[in-house]
Amino acid sequence: MERLWELRDLFWESVLETLYIVAVTLGIGGIGGLVIGVALYVTRKGGLLANAPVSIVLNVLVNFFRPIPFVIFIGAVQPLARLVVGIGIGNRAIIFALSLAAAFGISRIVEQNLVSVDPGVIEAARAMGAGRFRTILTVLIPEALGPLILGYTFVFVALVDMSAIAGVIGGGGLGNFAIVYGYRQFNPAVTWVAVIAIVVIVQVAQFAGNVLARRILRR
Amino acid sequence: MAIIELDNVSKVFPPAHRGAAPVSAVEDVTLHVEAGEIAGIIGYSGAGKSTLVRLVNALEKATSGTVTVDGTTVTGLSERRLREVRLGIGMIFQQFNLFSSRTVWGNIAYPLQIAQVPKSQHQKRISELLHFVGLADKAHSYPEQLSGGQKQRVGIARALATSPKVLLADEATSALDPETTRDVLQLLKKVNVELGITTVVITHELEVVRAIADRVVVMERGRVVEDGAAFDVFARPRHPTTKRFVGTLIDGVPTGATLESLRANHTGRLVTLSFDDESLPQSQAFAELISGGIEFELVHGGMEDIQGRSFGNLTLALRGEDAAIDHALGRLRERVAVTEAA
């Protein structure tokens, strides 16, 4: 307990670090995932921009990256991280790896939610003279917004989970805090404080996502 | 003047999967719809009528032939130019296809945004449209809060927002109950009469065509098998498919089980007189029978009114001397179609 008190500054710092990593990743990976997901959907057969070669390449790409366990993925993309963000370790590198992995994961969630949009409303927009990109931005995405928000909430929770591994390349956050100060120093109380913090973050995020989705879906 | 011209139009869909045959949905259709008329295109499901109507606004691209709408040839037009053409063609759908993420107001505003109508004019135009379709109090409702009939009214208001010259209705009443169907059809008639909008109605229900169409086009297996003024098609159907459709709504010459049952319940010779507005009036036909001393009763059939013109098949059971009946029928035959049950 005394030890906990000593670690309080480090604990809050870790909380903020986790939130920072997850938020930035959700921003970058979320937009990337939305773009790839929409591309997966519209290039399907019979889609707004049906294009078999692009569709096949996208699917292979997504299917290639998605099954890689994240802890291996971090190491595998480290050279790429050095190239893109200039460093292979620390929070910047972990955000890079996490965003990349998240984009591919999110793309499938986005695609699934777009598939559930009634093709009739898309046809209606086209019949009114809406162009393809306009239809995507003003009909397709708004019509799927409720489920998309729930999907992104799910992703947020998954990112909190994945970010806990940041320690392997010197990243921070609650996962690293729990391993370094709790597990390795035989201090279960510290570990459990991190666990509780994570549970609280996840609960709050899920609650917020549910409320938002319910407001969008009006039910 | 024809506002929609389809000339030798065909649409072939690529095979659904490897090894399957390509599907020919529309085959060599030539159809001119006159400005201001309501054309009813009727056919069983799979006849190609939904594809045909989508060729008009190029939601489907014709494989061959030309489609011209209001003087603009739609076939081969670029996507950008198509958008302009589509602003002049409204469309409504069986499942309404309203945007669930937008209110009634937002749904009607959408085509105005596409047409780049200044926002300052939206208020006036949208409330005008809502009054026209009778939904002024529903502006801020979401589609799921509306009944089927109300949804289709919103669909109609949305389709009319950019003041199109042509309205395409794809099975617009097929998801509605009979009473709501009548209301929506009346509204479509109002659109045609008050706004002068040329309307193409796609349906598999002859009732719909009878209620509002000036012109009837019958489709089967991608082809137009009959095309004529509504009255002519109803009164004198020529193609077997047309006869089948008309037969579901209008009693013809009794055959089969109907005839058996009439025979069992009535004595005398069963004769069907087919009246239309060019034939002998009913009163004179009946006078002829009476003056011949022939007793008769009406056992089957009825009169129909299509666009203010009446026609119908009346089956009578005639009792009297055979010679007198033959003589009377001989005289009637000169002025009205007479069919005697064998």
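Start by selecting helix α1 of chain B, residues 49-56: eight of its eight residues are buried, so this helix is largely enclosed by the rest of the structure. Here a residue is buried if 20 or more other C-beta atoms lie within 10 Å of its own, exposed if 12 or fewer, and partly exposed in between, with C-beta atoms placed from the backbone. Helices (H or I, at least four residues) and strands (E, at least two) are DSSP runs, numbered from the N terminus.

Before moving on, a word about what is on your screen. This is a predicted model, in which local features need pLDDT of at least 70 and side-chain atom pairs count only at pLDDT 80 or more, while totals for chains, interfaces and linings use all residues. Residues are numbered from 1 along each chain as its sequence is written, and chains are lettered from A and ligands numbered from 1 in the order in which they are written.

**Stop 1: around α1 of chain B**

Which residues of α1(B) are buried? Click through B:Lys49, B:Ser50, B:Thr51, B:Leu52, B:Val53, B:Arg54, B:Leu55 and B:Val56. Just after the helix, select B:Ala58, which takes a positive phi of about 60°.

**Stop 2: the six-stranded sheet**

Now show the strands of chain B in the order β6-β7-β8-β3-β9-β10: they form an open sheet of six strands with mixed pairing. Two strands pair if DSSP finds at least two bridges between them. At the edges you will find β6 (89-92) and β10 (223-229), each pairing on one side only. Neighbouring strands of this sheet are turned by 15° against each other on average, direction ignored.

Zoom in on β3 (residues 38-42) and β8 (residues 198-203) of chain B, which pair in the parallel sense over five bridges. Where is B:Ile42 in this pairing? It stands opposite B:Thr203 in β8(B).

Helix α6 of chain B (residues 178-195) lies across β3, β7 (166-170) and β8 of that chain, running at about 155° to β8(B). Axes are lines fitted to C-alpha atoms, for helices over the stretch in contact, and angles run from 0 to 180 degrees between N-to-C directions. Helix α9 of chain B (residues 240-249) packs on the sheet too, touching β3, β9 (215-220) and β10 of chain B, and its direction makes about 115° with that of β9(B). Two residues are in contact if their C-beta atoms, placed from the backbone, lie within 7 Å.

**Stop 3: the four-stranded sheet**

Still in chain B, select β2-β1-β4-β5, an open sheet of four strands with antiparallel pairing. Its edge strands are β2 (23-34) and β5 (72-73), and each pairs on one side only. Two bridges join β4 (residues 64-69) of chain B to β5(B), and B:Thr68 stands opposite B:Thr73 in β5(B).

**Stop 4: strand β11 and its partners**

Move to β11 of chain B, residues 269-275, where five of the seven residues are buried. Bring up β13 (residues 309-319) of chain B: β11(B) pairs with β13(B) in the antiparallel sense over seven bridges. Look for B:Phe275, whose bridge partner in β13(B) is B:Gly312. β11(B) also pairs in the antiparallel sense with β14 (residues 337-340) of chain B, over four bridges. In that pairing, B:Thr272 stands opposite B:Thr339 in β14(B).

**Stop 5: where the chains meet**

Show both chains together: 17 residues of chain B are in contact with 15 residues of chain A. On the chain B side, α2 (79-87) and α3 (104-114) each supply at least two residues, and α2(B) gives the largest share, four residues.

**Stop 6: chain A**

Of its 219 residues, 42% count as buried. The C-alpha trace of chain A spans about 70 × 45 × 25 Å along its principal axes.

Finish by selecting α2 (residues 8-42) and α6 (residues 90-115) of chain A, whose axes come within 5 Å and cross at roughly 40°. That angle makes α2(A) oblique to α6(A); angles under 35 degrees count as roughly parallel, over 145 as roughly antiparallel, 65 to 115 as roughly perpendicular and the rest as oblique.
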